Each structure stands twice: as structure tokens, then as C-alpha cells.
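Please keep the sequence and the structure in view while reading.

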Amino acid sequence: MGLFDRLRGDGNPRVAFIGVDGVPYSLLSENEDLFPNFASLAADGTASEISSIVPPESSACWPSLTTGVNPGETGVYGFQDREVGTYDTYVPMGREVQADRVWDHVQNEGLKATVMNVPVTFPPQRNVQRMVSGFLSPDLEKAAHPDDVRDYLETLDYRIDVNPKLGHEENKEAFIEDAHETIDARFEAFEHYIEEDDWDLFFGVFMTTDRVNHFLFKDYERDGQYHDEFIEFYQKVDNYIGRLREAVPDDVTLIVASDHGFTSLDYEVHFNEWLQEEGWLSFGTDEPEELSDIADETKAYSFIPGRFYINLEGREPRGSVPEEEYDEVRDELKADLEALEGPDGKKVVDRVVEKEQAFRGDHDDIAPDLVAIPNNGFDLKSGFKADSEVFTTGPRNGMHSFDDTSLYIDDPDASIGDADLFDITPTILDLLDVEYSRGDFDGASLV
């Protein structure tokens, strides 16, 4: 195995984690003949569907997966969050993650980590021996640490992400080609540093799978125009997982996992439009552009995906709901959400989770009061322009799901059972013999 084995070989345990963003377990487990490397990993080790988190959105999922704690502790609830005490919003980056990452625990023990392409890690941490930030990084030059990593990755035509705008075109061929080129370079980089680096933990994420799912998943599930191209792409993913498994030494435990599942998308649901139509939200301008444009009489507003906030007096700058009416108003909104039906007569929402059920910690002051978990087919949006229909269709035909999340552990003694994302970090630390307190995490080790 080259430099890797020459540097190490002291018998200390090591773990390689490969993320496959948004890959549903059913896709892999129901097509073992198409994806033999995943099937082999399951047969030799342990594999199962697990649960994601509330809400199942990548910007919230990866911080929770890599810390073992819920958004109330990480401080990240989604792609867009709200400033405390204001209506201002921001896009959370790596610095907004308030809990220690799994590689922080590893480095604190004097061990070494190589971290590549994990969403919500920009800017790269300088205390990690090698890190290339993933999704939300502005460019490769700023995302790579140390500088020689950037120089090498540029020779691969490595890019942080696919060009999602290509997926909006009716003809998906350019998008599919871009997805292949992106994952090809990602694999080459992973294989290179797995073999060349001196690491105790290798942590890399393929995010291109999520992008392909967003634009082609219905083609797979319902035998659409790009069904064969979807399968071909995933056969490449399967091949790359097999080759990475071969690249790691036999004493390394390989973990492969997704952050959420996926299903077909039939309707995008624009909830701020729905709230406005139902009298929950009003805007103080005829052409609203952002959250701060809501009017004083607003009782509730929404963020993606399916997060709802009561416009509470004393918490929101122009709060209209008295604290003593909070429970009653929230219960009413919850009931309205549970009763909502789509154009096809199907219920939009599977269940509505109250904040106390999902979030706890020192950073729950911006937690949503309710989170709606949709039924399959309904992708929950927000929007602040109030210029849309409630139910629309667009270029995306796949959406995240809470269930059907994937977990593979190349260890037959692992017991996945009723697991979720919070269990992955303590499992990695347990495999590495890194001590921790059980109370540090919302999850528990699976080995």
C-alpha cells in the first residue's frame, strides 16, 4: 500500500469513512446484481437502512453526522438560518458548527485525520493535517489546506461541486457528463490520499450522488428517459466504492453512509405562499424579497425544508403572538399542516415534529417551532416573494427523505438495529479506541 503502510503499521486501529450523499438504502439493497461492491460490503460486514435527522437537509445532516449531536447543539438547522433576535438570515458555514467534529476528537488524541469534501466545512480547519472543504466552498484555492493539496487537485480538474444549473436544462446530457467528470476527479483524489497519507481517520464524501438524485431520481423509480444513465452513474459509484475498499489495508474498518434518503418529487410546496393564503403571514410591501419584509400581523413564517416559526412577541422583532397564546397558536398551525392535501388529494405532511422533540442544547434559540416531515412526493419550500402558486413543478424530480438512509460497516460484529445519523461519530471513535463520555453524544456506538 505504499507510503501509507511504511508510515504506519503499529497495529493501531484505523477507520475510513466514505459518504455517499443522499443515497437511499433501498436503491442499493434492491439491486445487488447491479451494485456488487455494495452487496459484498453488506455480506462481509453489516448494512441496513437508518434514519436521518429532523430536518433531513444536507446542511444540517452533515454537521450532525460528524458531531453525533442534534442541531440544538451544532447550531445549524438548514441551508439558511436566522440571526438571533432579528429577521436577518445567513447561510451556515463550517465556523457556525458549534460542536466538535469527529476529526477534532481524533486530532485531540494525537492521531491524524485526512478530511475531504465534507459539506459545511468551509473554511478548512488548519489543525487537521489535510482538509479540502466541500459544498458551500467558494473555490478550490480557498478550500484546500495545505497549499500543495490544491496544486495536486488542480491537475485532476477537481471541482468542489457539479454545476447544478446544467440540471435545469431539459436535455440532461451535459449535466450527466459534468457529474461523471466531478466524481471521477473526486475518486482519484480519495484514492491518492488514502494510499499516500499517514492517517488514522480518512473522511471523504461523494456529494455528486445527491445532485444526480435531484435531477434523475424519478427517471430511476418510474422508468423515465434517463433511467439507464442513472443506473450507469451508480454502477460507477459502486465500482469506486469497491476500488476504495481495495485501497485501504485489511486492518482498516470501512464505513459507507448517506446523510438522508431520496424519493421521487411530484410537487414543490411553497409554504410561505400557503401561509399567506391561509392568513398566517402577510407582507408589508407589495414586492417582498426577504424575511424582513413580513408585516407586524404575521403569525408564522417558514424556512426550507418544512421549518415553521411562530412570530412570537419578545423573540421576533415584530412578534405578534403573545407568549401566553404560543401553545394554542402552534397547535392550530400544526393541525392545519397535518390536514393539508396536495392537488392529487394526498396528504402533504407525514408528521409534524415540535421543537422540544427534535432539538435540545445550548444553540436551540433559533430552532424552528415546528418541522413538517413530508410524505413522499412533496418537496417543502419556503420563498419570500409571495409570487408563486402553492404547488408547482420544476426541473428537479427527486427529493430528500427522512428514512431510507444508508449505512454499511465493514465489520460483521457491528449491530446497526434502530440506528440514526447520531450513532456514526461515536461508532468511529469506538473503532479508533478514542475515549469519550456517553453523554457527549445523542447517539451511541454500534460496535
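Strands β11 and β17 run antiparallel and are joined by 2 bridges. The model is a predicted one. One of the contacts between these strands pairs E268 with T392 of β17.

**The sheet**

What is the strand order of this sheet? It reads β16-β11-β17, an open sheet of 3 strands with mixed pairing. β16 (378–381) and β17 (391–392) are the edge strands; each has a single partner strand, so one side of each lacks a neighbour in the sheet. In general, the strands of a sheet pair through backbone hydrogen bonds, in either a parallel or an antiparallel sense.

On the β16 side, the pairing is parallel. Strand β11 (residues 267–270) meets β16 there over 4 bridges. Y267 stands opposite F378 in β16. E268 has D379 as its bridge partner in β16. E268 also has a bridge partner in β17, namely T392.

D379 takes part in a salt bridge as well. Its partner is K381, and the closest N and O atoms are 3.3 Å apart. Is D379 buried or exposed? D379 is buried, with a relative accessible area of 11%. K381 is partly exposed, at 21%.

**Salt bridges**

How many salt bridges does a search of the whole structure find? The search gives 26.

| Salt bridge | Closest N and O atoms | Relative accessible area |
|---|---|---|
| K112 with D198 | 3.2 Å | K112 35%, D198 13% |
| R330 with E354 | 3.5 Å | R330 5%, E354 19% |
| D379 with K381 | 3.3 Å | D379 11%, K381 21% |

Take K112 and D198, whose closest N and O atoms are 3.2 Å apart. K112 lies in the loop between α6 (102–108) and β5 (113–118), and D198 lies in the loop between α9 (173–196) and β8 (201–206), so the pair ties together parts that are 86 residues apart in sequence. K112 is partly exposed, whereas D198 counts as buried.

Now take R330 and E354, with closest N and O atoms 3.5 Å apart. Here a helix is linked to a strand: R330 lies in helix α13 and E354 in strand β14 (residues 349–354), so the pair ties together parts that are 24 residues apart in sequence. R330 is buried. E354 counts as buried too, at 19% relative accessibility; the cut-off for buried is under 20%.

Some salt bridges are joined up. A network of them links R82, R315, E316 and D369.

**A negative patch**

Which residues gather in the patch of negative charge on the surface? They are E313, E323, E324, E325, D327, E328, D331 and E332. One of these residues, E332, is found in helix α13 (residues 326–339). E332 counts as partly exposed, at 39% relative accessibility. Helix α13 also holds R330, the residue that pairs with E354 of β14. R330 is buried, with a relative accessible area of 5%.

Conventions. Residues numbered from 1 in each chain as written. Predicted model: local features only at pLDDT ≥ 70, side-chain atom pairs only at ≥ 80, totals over all residues. Heavy atoms only, no water. Pairing = 2+ DSSP bridges. Patch = residues over 30% accessible without salt bridge, like charges linked within 9 Å, V, L, I, M, F, W, Y side chains within 5 Å. Areas by Shrake-Rupley, 256 points an atom, 1.4 Å probe, with all protein chains shown as cover. Salt bridge = Lys/Arg side-chain N within 4 Å of Asp/Glu carboxyl O. Lys, Arg positive; Asp, Glu negative; His and termini not counted. Charge placed at Lys NZ, Arg CZ, Asp CG, Glu CD. Buried < 20%, exposed > 50% of the residue type's maximum accessible area, 1.4 Å probe, protein only.
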